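I set out below my notes from reading this structure. The entries follow the order in which I looked things up.

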Amino acid sequence: MSAITNGQQRVTSVAAAAPQLSLLPGAEGAFDQVMLCKAVIALTPDVSTYVLEPLTPQNFTFEPGQYVVLTVEINGEQHERCYTISSPPTRPHLLTITVKRVPNGVVSNWLHDNFRVGQQTLVRGPLGEFSLVNYPALKYLFLSAGSGVTPMLSMTRTLADLAEDCNVAFVHSARSPVDIIARSELATLAGAGLALAVTNICEDDSPEERWTGQRGRLTAPLLAASVPDVAAREVFICGPPQYMRAAHAVLAELGVDPGQVHQESFTLEVPAVPLTAVPDAPAEVEREAGTASLHFRRSGIDVVCPPGTTVLEAATAAGVVIRSSCGQGLCGTCKSDLVSGQVDMQHAGGIRPREIAAGKFLPCCAYPNGDLVVDA
Ligand SMILES: Cc1cc2nc3c(=O)[nH]c(=O)nc-3n(C[C@H](O)[C@H](O)[C@H](O)COP(=O)(O)OP(=O)(O)OC[C@H]3O[C@@H](n4cnc5c(N)ncnc54)[C@H](O)[C@@H]3O)c2cc1C
Ligand code: FES
């Protein structure tokens, strides 16, 4: 089997095993620390890369595709947002994040307008499971739109740096040619030995450039023409919600097994369950089945948590302050110690397995499974 890219031929053994990226040290190196902005690189009119340097030199370990949580103070208020690490773990001395302005968005616009070389920010991470390390394969398809390109950039840069013997089809959607992120870098990588085929799809021309490539949106005929062996690939999708819905439909139309498809969403949905008051109930009152008693040890507060209520909702309604941000098990802000009891927790990458093993949990996405004592 051979993979041909931009005129270069690279021979890939049929029997070759999927890369295990064994040179990567694994995500054992949690970092929660203040970092310095070392450089700001404008990539497109509304996307910039911020190069972050630790105050004390260190080698970062993370998996390509993982994200960090930035805490920034704006007008005296702290805000936390997740940003994918766009640099690869093979360049471990610095981290980069690549941020797109969101119309009326608080943090993305603040970063663009105020975060300059020499300024500091708190960075926590790495978090998340959206990484090819978890899905070793010989062939990948990266489907991204807008800032959803960032995990794909880290993964592609990693494969290139490690000279991995695998084949990547990278299909990216942008508004116009000027909005394509890392366009020349990816074109260079495609010509530099990695079996990488890049297809950019633009909806429109830019004033500076008439687009002569694929035009419109991602469709099944377009993807089938660009990536004929799509069903043989491990697929990663990241982009706005409508894009991801469309991408799933396109993949289904082309017969791709949903088990091969992995996605990351940058958009946090509003939590389905609104905060409700949790009544303080004396122990003698008969309790609804599934109701749990929660004791918040540091606050000395006891509450009753009805079925379908998260520990965070119960705490908030009882006046116990647990700092939180995403409310979806993503950012790790609400991480707390579970002193006793068990919870059903459906997190989205905001906690590491060894933290769970050490008795930590995320109250925002944890439902009591019996009575609990929480260190809050
Ligand atoms: C795992 C993960 C990884 C991510 N990686 C990246 C990345 O690599 N690059 C990147 O650019 N982004 C990334 N994001 C998205 C990022 O975390 C932020 O969500 C994004 O930058 C927008 O934040 P913001 O503070 O600017 O917008 P926000 O202030 O949070 O606003 C978001 C949206 O809500 C609207 N809005 C805000 N307040 C209101 C209101 N009161 N009423 C109505 N609408 C309102 C805004 O107009 C905007 O459209 C990632 C997100 C996740 C979850
Ligand atoms: S608030 Fe983000 S993980 Fe709980």
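From which domains does the shell around ligand 1 draw at least three residues each? I found that domain 1 (2-10 + 130-264) and domain 2 (31-126) each supply at least three residues of this shell; the domain bounds come from an automatic or database domain assignment.

**Conventions.** I note that this is a predicted model, in which local features need pLDDT of at least 70 and side-chain atom pairs count only at pLDDT 80 or more, while totals for chains, interfaces and linings use all residues. Residues are numbered from 1 along each chain as its sequence is written, and chains are lettered from A and ligands numbered from 1 in the order in which they are written.

**Ligand shell.** I looked up the 23 residues around ligand 1 and found that Asn104, Gly105, Val107, Ser108 and Thr150 come nearest; a residue counts as near if its C-beta atom, placed from the backbone, lies within 6 Å of the molecule. By class, the shell holds 11 nonpolar, nine polar and three charged residues. Here Ala, Val, Leu, Ile, Met, Phe, Trp, Tyr, Cys and Pro count as nonpolar, Asp, Glu, Lys and Arg as charged, and the others, Gly among them, as polar. At least two shell residues come from each of strand S6 (77-84), strand S7 (95-100) and helix H1 (106-114). Helices (H or I, at least four residues) and strands (E, at least two) are DSSP runs, numbered from the N terminus.

**Asn104.** I then placed Asn104, one of the residues nearest to ligand 1, in the loop between S7 and H1. Its phi is positive, about 65 degrees, although Asn104 is not a glycine. Is Asn104 buried or exposed? Asn104 counts as exposed because it has 7 C-beta neighbours inside 10 Å. A residue is buried if 20 or more other C-beta atoms lie within 10 Å of its own, exposed if 12 or fewer, and partly exposed in between, with C-beta atoms placed from the backbone.

**Other backbone entries.** Ala163, in the loop between H2 and strand S10 (167-174), also has a positive phi, of about 50 degrees, and is not a glycine. With 9 C-beta neighbours inside 10 Å, Ala163 counts as exposed. I recorded a cis peptide bond from Gly125 to Pro126, with omega near -10 degrees; Pro126 is found in strand S8 (residues 120-127). For reference, most residues other than glycine have a negative phi, and most peptide bonds are trans.

**Whole chain.** I counted seven helices and 21 strands in the protein chain. Buried residues make up 39% of its 376 residues. Of the contacts between residues at least 6 apart in sequence, 70% join residues at least 24 apart; a contact requires C-beta atoms, placed from the backbone, within 7 Å.

**Cores.** Which residues have the most contacts inside the largest nonpolar core? They are Val68, Leu141, Phe142, Val168, Phe170 and Val171, in a core of 66 residues. Helix H2 (residues 149-161) gives this core its largest share, six residues. A second, separate core has 22 residues, including Val304, Cys364, Cys365 and Ala376. A nonpolar core is a set of buried Ala, Val, Leu, Ile, Met, Phe, Trp, Tyr and Cys residues joined through C-beta atoms within 7 Å.

**Arg157.** I located Arg157 in helix H2. Arg157 is buried because it has 23 C-beta neighbours inside 10 Å. Leaving aside residues up to four places away in sequence, Arg157 touches Ser87 and Pro88. Its C-alpha atom is 8.9 Å from that of Leu186, which lies 29 residues away along the chain.

**His262.** I found His262 in strand S14 (residues 261-264), partly exposed, with 18 other C-beta atoms within 10 Å. Beyond residues up to four places away in sequence, His262 touches Phe130, Tyr135, Val235 and Phe236.

**Five-stranded sheet.** I traced an open sheet of five strands with mixed pairing, in the order S16-S15-S21-S17-S19. Its edge strands, each pairing on one side only, are strand S16 (301-305) and strand S19 (360-361). Two strands pair if DSSP finds at least two bridges between them. Strand S17 (residues 336-340) pairs with S19 in the antiparallel sense over two bridges, and Asp337 has Lys360 in S19 as its bridge partner. S17 also pairs with strand S21 (residues 372-375), antiparallel and over three bridges; there Leu338 stands opposite Val374.

Note on methods:
Two residues are in contact if their C-beta atoms, placed from the backbone, lie within 7 Å.
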